[in-house]
Amino acid sequence: MPTTQPYHSGQIYDPNDPTLVNEQLKYLDVLYDFNMTRPSEMPKRQALLTQMLAEIGEHDREYFYKNERIDWEKIL
């Protein structure tokens, strides 16, 4: 069984396995790229979301792009 499959089958695996670590770093790089995009780079953001999630609908995009603000003066 390839080293990337044991965690899907419920078997015990080593999370420090260099193969798994390298694979996770690839995904973390894509996540970093998404987080560093500007709001005006919508096509790039959509492409990165599709790459990370494989499938994304219109309502899902609204969730990821929603600009939420917290009024800290009212909370504190």
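Biologist: What is the mean pLDDT of the chain?

Modeller: The mean is 75, and 59% of the residues reach 70 or more; pLDDT is the predictor's confidence in each residue, from 0 to 100.

Biologist: And which elements have the lowest and highest mean?

Modeller: Helix 4 (residues 58-65) has the lowest mean pLDDT, 58, while helix 2 (residues 18-35) has the highest, 90. Where pLDDT is low, the predicted coordinates should not be read in detail.

Biologist: How many helices and strands are there?

Modeller: The chain has 5 helices and 0 strands. Those are DSSP runs numbered from the N terminus: H or I of at least four residues for helices, E of at least two for strands.

Biologist: OK, helix 2. What span should its 18 residues have?

Modeller: At 1.5 Å a residue they should span 26 Å, and the end C-alpha atoms are 25 Å apart, which agrees. The expected span is 1.5 Å times one less than the number of residues.

Biologist: Which residues of helix 2 are buried?

Modeller: Leu20, Val30 and Phe34 are, where buried means under 20% relative accessible area, exposed over 50%, and partly exposed in between (1.4 Å probe, protein chains only). They cover an arc of only 90° around the axis, so they sit on the same side of helix 2; the arc is that of the directions from the helix axis to the C-beta atoms. The face turned away from that buried side carries the exposed Pro18, Asp29 and Tyr32.

Biologist: What about helix 3, which residues are buried there?

Modeller: Arg45, Leu48 and Leu49 are buried in helix 3. These buried residues fall within an arc of 105° seen down the axis, so they line one face of the helix. Pro43 and Gln51 are exposed on the face turned away from the buried side.

Biologist: Switching to the surface: which residues make the nonpolar patch?

Modeller: Val21, Leu25, Leu28, Leu31, Met52 and Leu53 make a patch of about 450 Å². Its largest share, 4 residues, comes from helix 2. Like charges are joined within 9 Å, nonpolar side chains (Val, Leu, Ile, Met, Phe, Trp, Tyr) within 5 Å, and areas come from the Shrake-Rupley method with a 1.4 Å probe; for residues, only the protein chains shown count as cover.

Terms used: Residues are numbered from 1 along each chain as its sequence is written. This is a predicted model: local features need pLDDT of at least 70, side-chain atom pairs count only at pLDDT 80 or more; totals for chains, interfaces and linings use all residues. Side-chain values use heavy atoms; hydrogens and water are left out. Patches are made of residues with over 30% relative accessible area and no salt bridge: like charges are joined within 9 Å, nonpolar side chains (Val, Leu, Ile, Met, Phe, Trp, Tyr) within 5 Å. A salt bridge is a side-chain nitrogen of Lys or Arg within 4 Å of a carboxyl oxygen of Asp or Glu.
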